[in-house]
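Hello,

Here is the structure for you to look through. Please open it first, then read the notes below it.

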Amino acid sequence: MNWLSVVSPIVERVLDFIPNPAEKAKAQMEIQNQLMTAAIAESQGQLEVNKAEAASASIFVSGWRPAIGWVCAFGFTWQFAVLPIASWLMTITGVTTPLPNIDTESLYSLTMGMLGMGALRSFEKWKGVTK
């Protein structure tokens with residue numbers, strides 16, 4: 001779970017206690033700026049970790065991220081390219097063996113997490129951009 005998605009509802013509740021609309025807007029803007037600063041600092045820290053991992057000579061340090069990336073790429077290729085075509089071909093030829101489906105919800109979560117999209121999505125939800 002992303003820390004921003006945990007903090008955002010708490011911030012909204014605290015802001016509800018400010019009766020003056022101008023003060024509430026000012027406080028909300030200050031909190032948003034502080035949250036964005038924290039999110040940027042977290043992202044920069046993660047980028048430094050990523051650089052150090054990528055520079056490592058050990059396959060167990062530098063290879064895990066590409067390996068998971070390839071697993072995600074294979075999963076998307078299977079689910080959205082190979083499976084539909086294979087199912088169609090099997091139907092035409094009369095083969096009734098079922099082909100496995102991949103849980104795409106988990107695959108999306110894993111891929112978006114690897115791409116760093118988790119925090120961005122939580123921030124968009126908090127800002128109400130996705131409604």
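**Aromatic cluster**

Phe76, Phe80 and Tyr108 make up one aromatic cluster. Keep in mind that this is a predicted model.

How many aromatic pairs does the structure hold? It holds two.

Start with Phe76 and Phe80. Their ring centres lie 6.0 Å apart, and their planes meet at 20 degrees. Planes under 30 degrees apart count as stacked, so this pair is stacked. Both residues sit in helix α4, which covers residues 64-93. Phe76 and Phe80 are about one helical turn apart, because they are four residues apart in that helix.

Now take Phe76 and Tyr108. Here the ring centres are 5.5 Å apart and the planes are at 35 degrees. That makes the pair tilted.

Which parts does this pair tie together? Phe76 belongs to helix α4, and Tyr108 belongs to helix α5, residues 104-115. The pair therefore ties together parts that are 32 residues apart in sequence.

Last, the exposure of each residue. Phe76 is partly exposed, at a relative accessible area of 22%. Buried would mean under 20%. Phe80 is partly exposed too, with a relative accessible area of 47%. Exposed would mean over 50%. Tyr108 has a relative accessible area of 36%, so it is partly exposed.

To find the cluster on screen, look for Phe76, Phe80 and Tyr108.

Best wishes

Conventions: Residues are numbered from 1 along each chain as its sequence is written. This is a predicted model: local features need pLDDT of at least 70, side-chain atom pairs count only at pLDDT 80 or more; totals for chains, interfaces and linings use all residues. Side-chain values use heavy atoms; hydrogens and water are left out. Rings of Phe, Tyr and Trp (its six-membered ring) pair if their centres lie within 6.5 Å; planes under 30 degrees apart count as stacked, over 60 as edge-to-face and the rest as tilted. Helices (H or I, at least four residues) and strands (E, at least two) are DSSP runs, numbered from the N terminus. Buried means under 20% relative accessible area, exposed over 50%, partly exposed in between (1.4 Å probe, protein chains only).
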